[in-house]
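Subject: Structure for you to look over

Dear colleague,

I am passing on the structure we spoke about, together with my notes on what turned up in it. Please read the notes with the coordinates open beside them.

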Amino acid sequence: MSTVYKYQTQKKAKRLSEELSKHSKNIEEDEYNKESVEKQDQSTGFKEIRQKVLILSSRGITYRQRHLMKDLVDMLPHSKKDTKFDMKSKLYHLNEVAELYNCNNILFFEARKHQDLYIWMAKVPNGPTIKFHVQNVHTMEDLHLIGNCLKGSRPILSFDASFDTEPHMRLIKELFSHIFGVPKGARRSKPFIDHVVTFSIADNKIWFRNYQIVEKAEKEKDFFQPGIDMSLIEIGPRFVMTAICILEGSFGGPVIYENKEFISPSRIRSLVKREKSSKYKDRQAANVKKFVKKKESVLPKDPLSNSALFQD
């Protein structure tokens, strides 16, 4: 019995010593991390802010819009997905939802009439907020492209030179870099860069594309040439955005930019219906004129006709 008791006491002492050593190591690591962070803060003068994105949608989105949102969630490992948001008029409540999830960016998909898609991009809690109209949506399932990339990898953001020409485009570029740029060391992210996200401008619209970076095998090349040995293969999704307005605050505040050339799709549909109705009205008026003209263009009775000469 004495030998068993000694063995158990020695085992407990070893466990206690191991736990104490682990605890001391953790304390030393925490102190080292704190010192490194303090050194970084002293050298840069400000603390690094981790970017986190909250992605959610409104009621009434279609399957294509839902698949687009799923593709963006898979592309952004630093994002968090929430359930559908019911209120469309009181969007400022999204700030509270973002604070609950500890996110400082919001990507909100708003669907209208089961066919129009609008995307709100906002910085929480001080703004700004940008509203986009989305067209020509093609998801990864629709395209069936051969490109592929590692899930959770960090992308290279490529912007058109036109983003630096105007102030509102520079603001849009900065917000895109915060939302679509995966920060280093983010949760669920992989330490690899194997795809490129491009934002190009054409016809006053922003075109979104996602490409895979492909390199040749080492057996096929003698020495590496960046311009020749690398190529891009599209992965998807792809869509086109039109900036409508920019608000100073987060889902509120004064309008600091407004696109005067933008016409809402509902307005376009109403104009098309009016044109069709005007064509119908013109066609009805033409039929009435034709009927009146036929009545007025009746020839007078010929006095030399047989019916006039040979009467009983």
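Predicted model: local features only at pLDDT ≥ 70, side-chain atom pairs only at ≥ 80, totals over all residues.

The secondary structure of the protein chain comes to seven helices and 11 strands, and of its 312 residues 34% are buried. Among the contacts in the chain with a separation of 6 or more, 66% are accounted for by residues 24 or more positions apart.

The buried residues of α2 are Q65, L68, M69, D71, L72, V73 and M75. Helix α5 (residues 167-180) passes the check as well, since its 14 residues should span 20 Å at 1.5 Å a residue and its end C-alpha atoms are 20 Å apart. In α5 the buried residues are H168, M169, I172, L175, F176, I179 and F180. Seen down the axis of α5, these buried residues fall within an arc of 120°, and they therefore line one face of the helix.

The structure holds 10 salt bridges, and I went through three of them. In one of these, D86 pairs with R59, and the closest N and O atoms are 2.8 Å apart. Because D86 lies in the loop between β2 and α3 while R59 lies in the loop between β1 (53-57) and α2, the pair ties together parts that are 27 residues apart in sequence. D86 counts as exposed, at 53% relative accessibility, whereas R59, at 47%, counts as partly exposed.

Another salt bridge brings together the side chains of D74 and K151, at 4.0 Å from N to O. This pair links distant parts of the chain, with D74 in helix α2 and K151 in the loop between α4 (140-143) and β6 (153-159), 77 residues apart. D74 counts as partly exposed at 29% relative accessibility, and K151 counts as exposed at 59%.

The remaining salt bridge that I looked at joins D164 to K173, with the closest N and O atoms 3.3 Å apart. Both partners are partly exposed, D164 with a relative accessible area of 44% and K173 with one of 25%.

What does the side chain of D82 make a polar contact with? D82 sits in the loop between β2 (79-81) and α3 (94-100), and although D82 is buried, it has no salt bridge, the nearest side chain of opposite charge being that of K81, 9.9 Å away. The side chain of D82 instead makes a polar contact with the side chain of Y101, at 2.8 Å. Leaving aside residues up to four places away in sequence, D82 touches L54, I55, L56, V97 and Y101.

With 18% relative accessibility, Q212 counts as buried because the cut-off is under 20%. A polar atom of the side chain of Q212 lies 2.8 Å from the backbone nitrogen of N148. Again leaving aside residues up to four places away in sequence, Q212 touches G147, N148, D194, H195, S231, L232, I233 and I235. Of these, D194 is 18 residues from Q212 in sequence, and the two are 6.1 Å apart in space, C-alpha to C-alpha.

Key. Residues numbered from 1 in each chain as written. Heavy atoms only, no water. Helix = DSSP H or I, 4+ residues; strand = E, 2+ residues; numbered from the N terminus. Buried < 20%, exposed > 50% of the residue type's maximum accessible area, 1.4 Å probe, protein only. Lys, Arg positive; Asp, Glu negative; His and termini not counted. Polar contact = N/O pair within 3.5 Å; in protein donor to acceptor, adjacent residues only side chain to side chain. Contact = heavy atoms within 4.5 Å. Expected span 1.5 Å × (residues − 1). Arc of directions from axis to C-beta.
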